[in-house]
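Here is a short report on one protein model. Look over the sequence and the fold before reading on.

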Amino acid sequence: MTGKTAVIGLGKSGLSTVNFLIKNGVVPDVYDTREHPAGEDKLPQGCRLIKGELSGELLSGYDELIVGPGLSLALPALREAASRGTRIIGDIELFARYCKAPAVGVTGSNGKSTVVTLTALMAEAQGLNCGLGGNIGTPALDVLSEDRDCYVLELSSFELETTSSLKLAGAVILNLSEDHLDRYEGKMELYLQAKQRIFAHADKIIVNREDPATVPPDGHYFASFGGDEASYGITEKDGAAWLSCAGEPVMPVAALKICGRHNQMNALAAMALADTLGISREAQIKTLSSFAGLPHRCRLVRERNGVRWYNDSKATNVGSTLAAVAGLKSGLQGRIVLLAGGLGKGQDFTPVQNLLGHEVALMLCFGRDGAMLKALGPETELFDTMAEAVAYADKHTQPGDIVLLAPACASFDQFKGFEDRGDQFAAMVESLA
């Protein structure tokens, strides 16, 4: 890298970028609008930290800005810098410049973390040294290493906005549902355009054949996944449903430890990605047979008095809440009581309304946008906090029922993040007398 460089936004990915640049001989300036940005105490010596409102004039003095995913490219200072010829990239674009091993990428509204984790575990079961990073929580630059055999990247729409040259052996958009519309002027087409950037330099494109929005504009792709027998799908063998490839049975659906139809689709997507990396079917089956799911993703917390309590705090949008409910309703004898609320991010909650009185017997709403959820129908109650909703659920459920935390909202109104929300929920449930 040459020229004058600045990192915009500190936090986890910003600090990762700073450390990577310094390791490669570049000492950047760092800008952050916050008075006390996360990671400030870990900033290496010699790095200048400039706090406060961003100045387009100042930023225009740099050859390249590496902007954190939390910052919108529509910010006036960034727009001014770009108009004056300053390059604007993100840490994934920096990763692309240095990456030498094959990589696969996953984006979509729901299921990303499950699919990338499955794919990385399949690679490890094959004996490959695999780097897993990106939006899943470990910055991609932190896993970049000369001795890697491959990489698996979870990519958000925000990360893809600042990525233009990432070459991928396999790329998939899992699904598209309303999310982050507060960032995209309320327009789904802008959100979709950001997601579609994952296909720009992909050797093999994988799509969800049940979701037309995941197909690239030119209609060309390598493989698809879905619930029928085509490509990667579901077939019947000896009266049972099996995961399949090109109609050939691979393993019984019943052998999966992760439950629900959405997880069957996640498994198929992971198989398709693993195939682009040349991972054996044996390694894939071994992983799919043993993987029990991610924390905060439809995990059983406790069964108490015949009532099962599930933590799906990672359901931060409407689509993931619908998937969680669909995954748990199969074979259910009792009712589903849904806990939902938080920051709605400009979503349309109408699809949740369609669950009320059918799949969901009662929705307990809380948090900043809880009142918007409460307004969806009579099968709802409104509370200030999640703790109050948990106490109410404990008193108004009976054996055979399920209580599901799948909030359909972000958590930052009352919690540090979805992990904190899930941990607090689990602690509340464990402490019920």
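## Basis

This is a predicted model: local features need pLDDT of at least 70, side-chain atom pairs count only at pLDDT 80 or more, and totals for chains, interfaces and linings use all residues. Residues are numbered from 1 along each chain as its sequence is written, and side-chain values use heavy atoms, with hydrogens and water left out.

Helices (H or I, at least four residues) and strands (E, at least two) are DSSP runs, numbered from the N terminus. Two strands pair if DSSP finds at least two bridges between them.

An open sheet is built from 5 strands in the order 3-2-1-4-5, with parallel pairing. Strand 3 (49-51) and strand 5 (87-89) stand at the edges. Each has a single partner strand, so one side of each is left without a neighbour in the sheet. Neighbouring strands are turned by 25 degrees against each other on average, direction ignored. Axes are lines fitted to C-alpha atoms, for helices over the stretch in contact, and angles run from 0 to 180 degrees between N-to-C directions.

Strand 4 (residues 64-67) pairs with strand 5 in the parallel sense over 3 bridges. Here I66 stands opposite I89 in strand 5. Helix 1 (residues 11-23) packs on the sheet and touches strand 1 (5-8), strand 2 (29-32) and strand 4. Contact means heavy atoms within 4.5 Å. The direction of helix 1 makes about 160 degrees with that of strand 1.

## Two hairpins in a row

Strand 12 (residues 232-237) and strand 13 (residues 240-245) pair in the antiparallel sense over 6 bridges. G233 stands opposite S244 in strand 13. The two strands form a hairpin with 2 residues between them. In its turn, D238 has a positive phi of about 50 degrees.

Strand 13 is also joined to strand 14 (residues 248-252), by 4 bridges, and these strands run antiparallel. The bridge partner of W242 in strand 14 is P252. Strand 13 and strand 14 form a hairpin too, with 2 residues between them. A246 in that turn has a positive phi of about 55 degrees.

Another open sheet has 6 strands in the order 15-16-20-17-18-19, with mixed pairing. Its edge strands are strand 15 (299-304) and strand 19 (380-382), each pairing on one side only. The twist averages 20 degrees from one strand to the next.

Strand 17 (residues 336-341) is joined to strand 18 by 5 bridges, and the two run parallel. In strand 18, L362 is the bridge partner of V337. Helix 14 (residues 386-395) packs on this sheet, touching strands that include strand 16 (307-311) and strand 20 (402-405). The direction of helix 14 makes about 155 degrees with that of strand 18.

## Rings and charges

The structure holds 5 aromatic pairs. Rings of Phe, Tyr and Trp (its six-membered ring) pair if their centres lie within 6.5 Å; planes under 30 degrees apart count as stacked, over 60 as edge-to-face and the rest as tilted. F95 and Y151 form an edge-to-face pair, 5.1 Å centre to centre, with 85 degrees between the planes. This pair links distant parts of the chain: F95 is in helix 4 (residues 91-98), Y151 is in strand 8 (residues 150-154), and they are 56 residues apart. Both F95 and Y151 are buried. Buried means under 20% relative accessible area, exposed over 50%, partly exposed in between (1.4 Å probe, protein chains only).

The rings of F383 and Y392 have centres 5.2 Å apart and planes at 55 degrees, so the pair is tilted. F383 is buried at 15% relative accessible area, while Y392 is partly exposed at 22%.

The charged end of K4 lies over the ring of Y62, 4.6 Å from its centre. The charged end of K237 lies over the ring of W242, 4.2 Å from its centre.

K195 is found in helix 8 (residues 188-196). K195 is buried, with a relative accessible area of 2%. Its side chain reaches the backbone oxygen of G108 at 3.1 Å. Not counting residues up to four places away in sequence, K195 touches residues including T107, S109, K112 and L155.

D369 is found in the loop between strand 18 (362-366) and helix 13 (370-374). D369 is buried, with a relative accessible area of 12%. D369 and G341 are 28 residues apart in sequence and 6.0 Å apart in space, C-alpha to C-alpha. Leaving aside neighbours within four places in sequence, D369 is in contact with G342, L343, G344 and K345.

Methods:
A polar contact is a pair of N or O atoms within 3.5 Å; within protein, one must be able to donate a hydrogen and the other to accept it, and residues adjacent in sequence count only if both atoms are side-chain atoms. A charge sits over a ring if NZ of Lys or CZ of Arg is within 6 Å of the ring centre and within 35 degrees of the ring normal.
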